[in-house]
Amino acid sequence: MVDKYNHKSKYFIELNSLRFIGFLGIFFGHVFFSNNLEIVKSPIYSVFHDYGKILGFISLDSFFVLSSFLITWKALEELQFSNGFSFKNFLIRRTLRIWPLYFLVVFLGYFIFYTETYFNHQINPLPSFWSFVFFILNFDIIENGYEFLFFMVFLWSISVEEQFYIFWAIILKWFNNHLTKISLGLILISLIFRFYYLNSPLNLNFNTLSTLGNFGVGSLIAISAFKKDKTFLLIQQLSKNKVIFLYAFMLLIFLFAPILWKINFFIIIQRLVFSIFFALIILEQSYCRNSIIKFSSIQFFDFFGKISFGLYCYHGLIIAIILKLNLNQSLLFNIIIYPILILISTIFISYISYQYYELKFLKLKTRYTLSN
């Protein structure tokens, strides 16, 4: 057996860039807003708003795929080089990465809520504090809706990921010989669920069972890459023309999404379709020898990817502040000036948070990692 202390864990530099690109998609899904009816009715604004919303939804799915790919890969490394999987260390690593920033945002939200209430400002009540503590906010939203503090609504996806982490840690610990079958099972469960709840938008968007296909696809490509099977080799050897076709086809599906979203069958398979696209992009960026461009070659993409969790958590807060200030309303400001201002502000705050808060916890992760 290979000495686990002499084994150097693979570092996927490409994933940082993909995280940032995924964040940008989510960002564009949230950043086009206006209370001015004249602006809202503008054809130009409608295009930005409608496509931004679609891009936001599918980009969030990319995070689920990427997350599942990475944790499955790391687990496969651990199983191979240490002859076992540490349930405890896995959960500690996830906790150190997610909890410090997550609970900072939660406490900030409750501070704002009680401050607004104290000064008799009208504000919608927040979900139960326990929904955040036990990471079940997505189910609270399904039951009660999402008309509360804008930036706290985003935390529903953290609930989904935490639920999956616990479930997947159990699978990796005691059922790792059946990862492929279980991953395929997750995809099937997701499709059945989406078929059954076709007319329930809240369940389709927020229920953990609806997202299982994303996680299943992510774990499947991790298994494929780790084993270097036929699928992996096919992606590795893709020609530039085929890489161009992959991205062009994905863009085409995106452009026709407003039409496709009206077709029931596509609604059922929508998450699976884009998950497969994102999976192929992960493999193409990480392994393909004939890529048109490696996003990791764009240096600031790499760094912004490292602070992407902060970007995700803070951008809603900045948007909420802009809304609260009720600044100038014009088409130019709403589709160009405000998005640029919000993005710059979010990057600045996320950088400060990463350097002086999150990094202190991330350094502790090395104690519970296979190798560095």
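This is a predicted model: local features need pLDDT of at least 70, side-chain atom pairs count only at pLDDT 80 or more; totals for chains, interfaces and linings use all residues.
# Notebook: helix pairs and salt bridges

**Entry 1, around leucine 246.** I looked up where leucine 246 sits, and its place is in helix α13. Then I asked which residues leucine 246 touches, leaving out those up to four places away in sequence. The answer is Phe277 and Leu280. I also checked leucine 246 against leucine 317: the two are 71 residues apart in sequence, and their C-alpha atoms are 35 Å apart in space.

**Entry 2, α13 with α15.** Next I took the helix pair as a whole. Two packed helices are described by the angle between their axes and by the distance between those axes. For helix α13 (residues 240-255) and α15, I noted an angle of about 150° and axes 11 Å apart. That angle is over 145 degrees, so α13 is roughly antiparallel to α15. I wrote down the crossing of α13 and α15 as left-handed. On the α13 side, the contact is made by Val243, Leu246, Tyr247, Phe249, Met250 and Ile253. On the α15 side I listed Phe266, Phe274, Phe277, Phe278, Leu280, Ile281, Glu284 and Gln285. Sorted by class, the contact of α13 with α15 has 12 nonpolar residues, one polar and one charged.

I turned to a second pair, helix α8 (residues 156-174) and helix α11 (residues 208-227). At what angle do α8 and α11 pack? I found about 60°, with the axes 11 Å apart. That makes α8 oblique to α11. I noted that α8 passes α11 in a right-handed crossing. From α8, the residues Val160, Glu161, Gln163, Phe164 and Trp168 meet Thr208, Thr211, Phe215 and Ser219 of α11. By class, I have four nonpolar, four polar and one charged residues in the contact of α8 with α11.

**Entry 4, salt bridges.** How many salt bridges does a search of the whole structure find? It finds four, and I followed up some of them here.

I looked at arginine 271 with aspartate 61, a salt bridge whose closest N and O atoms are 2.8 Å apart. This pair links distant parts of the chain: arginine 271 is in helix α15 (residues 264-287) and aspartate 61 is in helix α3 (residues 43-82), 210 residues apart. Are arginine 271 and aspartate 61 buried or exposed? Both are buried.

I then checked glutamate 78 and arginine 93, which form a salt bridge with their closest N and O atoms 3.9 Å apart. Glutamate 78 lies in helix α3 and arginine 93 in helix α4 (residues 87-118), so the pair ties together parts that are 15 residues apart in sequence. Here too I found both glutamate 78 and arginine 93 buried.

Lysine 324 is in helix α17 (residues 308-325) and glutamate 116 in helix α4, so I have a link between distant parts of the chain, 208 residues apart. Lysine 324 counts as exposed, because its relative accessibility is 59%, over the 50% cut-off. Glutamate 116, by contrast, is buried, with a relative accessible area of 16%.

Conventions:
Residues are numbered from 1 along each chain as its sequence is written. Side-chain values use heavy atoms; hydrogens and water are left out. Axes are lines fitted to C-alpha atoms, for helices over the stretch in contact, and angles run from 0 to 180 degrees between N-to-C directions. Helices (H or I, at least four residues) and strands (E, at least two) are DSSP runs, numbered from the N terminus. Angles under 35 degrees count as roughly parallel, over 145 as roughly antiparallel, 65 to 115 as roughly perpendicular and the rest as oblique. A crossing is left-handed if the near helix is turned anticlockwise from the far one by less than a right angle, and right-handed if clockwise. Contact means heavy atoms within 4.5 Å. Ala, Val, Leu, Ile, Met, Phe, Trp, Tyr, Cys and Pro count as nonpolar, Asp, Glu, Lys and Arg as charged, and the others, Gly among them, as polar. A salt bridge is a side-chain nitrogen of Lys or Arg within 4 Å of a carboxyl oxygen of Asp or Glu. Buried means under 20% relative accessible area, exposed over 50%, partly exposed in between (1.4 Å probe, protein chains only).
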